[in-house]
Amino acid sequence: MIHRPTKERPNSASRDVTRSRVFEVLSVYDRISRPRIAEITGLSRATISVIVDEMLESGLVTQSGSGSSSGGRPPTILQFCPSAAYAIGASLYDDNWRIVATDLSSQVVAHEFEAIPDRSADTAIDALVRGMDRLRNRLDPSRVLPVVGIGPPGLVDMDHGIVKSAVDLGWKEVAIGPEIERRTGLHALVANRSKAGALAVLWRVAKPETTNLVYVSIGTGVAAGIILDRELFVGTNSSAGELGHMTIIPDGPLCECGNRGCLQQLVSEQAIGNAARLALRHRPEGQLYEAHEHHPELLTAFDVLDAAEQGDPVAVSVIEEVAEYLAIAVGNLVNLLNPQIVVLGGPIAEASPKLIESVASFVRRHAMAYPLSAARIIGNTLGPETGAIGAAVLVLQHSDRLYFELPAWTK
Ligand SMILES: [Zn+2]
């Protein structure tokens, strides 16, 4: 699915597997004794002892207190230390790179912000390298996992780290992964920012019993990240989730993809601005009209969302129409995938509780009652760093193995 970030070391393969297994158990259980690890993994106590000693030395675990015992000396409890290593993730949000370092449990420990001065791929990659360098300078290099996660917009070939196309940025065949690898010396894992966002929601928001979820990002474009059975579903050539190009109105406005009436043409930032200008021409009244009477061309989607929150009738009608289109798409997702949660994020959804409320209400008209009874439609609470956190999770998914490649271990 995604290229292996590191080369195999044949002689140490079985040792790596054993260490990974212990690492995984420790990270899941958080506090656990050596005998219990032996029970869960089926490994010998001697093997576990050697591995745990290594981990104690590196700071990945500490010993804390004693557990309960059915007799004899109570076993020492090992405590997992998420801050033993950091993952770096970056994602584009509203023409800015959001770059974060997270600990092993995906909590953000440091962040950077880097605007892209224009929308060209070269400038964006320069900006990303600048921001990443700044962030890495603030961290202990011996603790940074040797892989970076990147969440650009657009169709991404995840096997090769290439953005095949990102229409709203005008990018085509941008080898962002290989370029970042060349310039930073870190391996790169690349996934569309909405796919990354879905991973962020899975790790940070969803309850442990949540197995199926969809994250929908709405901004200059619209895309979905799909989690099935707690795994990111990417499809055959990693392009699953192009919700923005679901047909909503068969003879609707022409889309950059060549088809008509795509969701993106009806609910994106641009689309909301255009719809409001058109609505105000027919209904020249209310605060939105008064504020933009002389310069309607300056009216943005965010002006409309703000005005709708305050009850401006024209803005409300525009947002309700947008909510209806989104509800059709979300209803289709609910019928098709039967998720537990559908999270609406991205600049547009995050600016408008009213929009989310309306989608959650209107979706009843488009989803079947039974699958919908299992689903909640909610707003994203992770904010503009969602994609960056999720990009870090792309790395953290391999942390059981990567941890042992940190400089401290290879010395
Ligand atoms: Zn389209």
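**Helix packing and an open sheet**

Helix 11 and helix 13 cross each other in a right-handed sense, where right-handed means that the near helix is turned clockwise from the far one by less than a right angle, and left-handed that it is turned anticlockwise. The model is predicted, and local features are therefore described where pLDDT is at least 70 and side-chain atom pairs where it is 80 or more, while totals for chains, interfaces and linings use all residues. Residues are numbered from 1 along each chain as its sequence is written; helices (H or I, at least four residues) and strands (E, at least two) are DSSP runs counted from the N terminus.

On the side of helix 11 the contact is made by Ile319, Glu320, Val322, Ala323, Glu324, Leu326, Ala327 and Val330, and on the side of helix 13 by Lys354, Leu355, Ser358, Val359 and Phe362, with contact meaning C-beta atoms, placed from the backbone, within 7 Å. Sorted by class, these are nine nonpolar, one polar and three charged residues (nonpolar: Ala, Val, Leu, Ile, Met, Phe, Trp, Tyr, Cys and Pro; charged: Asp, Glu, Lys and Arg; polar: the others, Gly among them).

Helix 11 also packs with helix 8 (residues 269-282), at an angle of about 135 degrees and with the axes 10 Å apart, which makes helix 8 oblique to helix 11. This crossing too is right-handed. Here Ile272, Ala275, Ala276, Ala279 and Leu280 of helix 8 meet Val314, Ala315, Ser317, Val318, Glu321 and Val322 of helix 11, a contact of nine nonpolar, one polar and one charged residues.

Elsewhere in the chain, helix 2 (residues 34-41) and helix 3 (residues 45-58) pack at about 120 degrees, with 10 Å between their axes, and are therefore oblique to each other. Arg34, Ile37 and Ala38 of helix 2 meet Arg45, Ile48, Ser49 and Val52 of helix 3, giving four nonpolar, one polar and two charged residues.

Five strands form an open sheet in the order 6-5-4-7-11, with mixed pairing, two strands being paired if DSSP finds at least two bridges between them. Strand 6 (108-115) and strand 11 (187-190) stand at the edges with a single partner strand each, so one side of each has no neighbour in the sheet. From one strand to the next the twist averages 20 degrees.

Strand 5 (residues 96-102) pairs with strand 6 in the antiparallel sense over seven bridges; in strand 6, Glu114 is the bridge partner of Trp97 and Ala115 that of Asn96. The hairpin of these strands has five residues between them, and Ser106 takes a positive phi near 70 degrees there.

Helix 4 (residues 121-137) lies across strand 4 (86-93), strand 5, strand 6 and strand 7 (144-151), running at about 150 degrees to strand 6. Helix 15 (residues 386-396) packs on the sheet as well, touching strand 4, strand 5, strand 6, strand 7 and strand 11, and its direction makes about 140 degrees with that of strand 4.

Notes:
Axes fitted to C-alpha atoms, helices over the stretch in contact; angles between N-to-C directions. Contact = placed C-beta atoms within 7 Å. Parallel < 35°, antiparallel > 145°, perpendicular 65-115°, else oblique.
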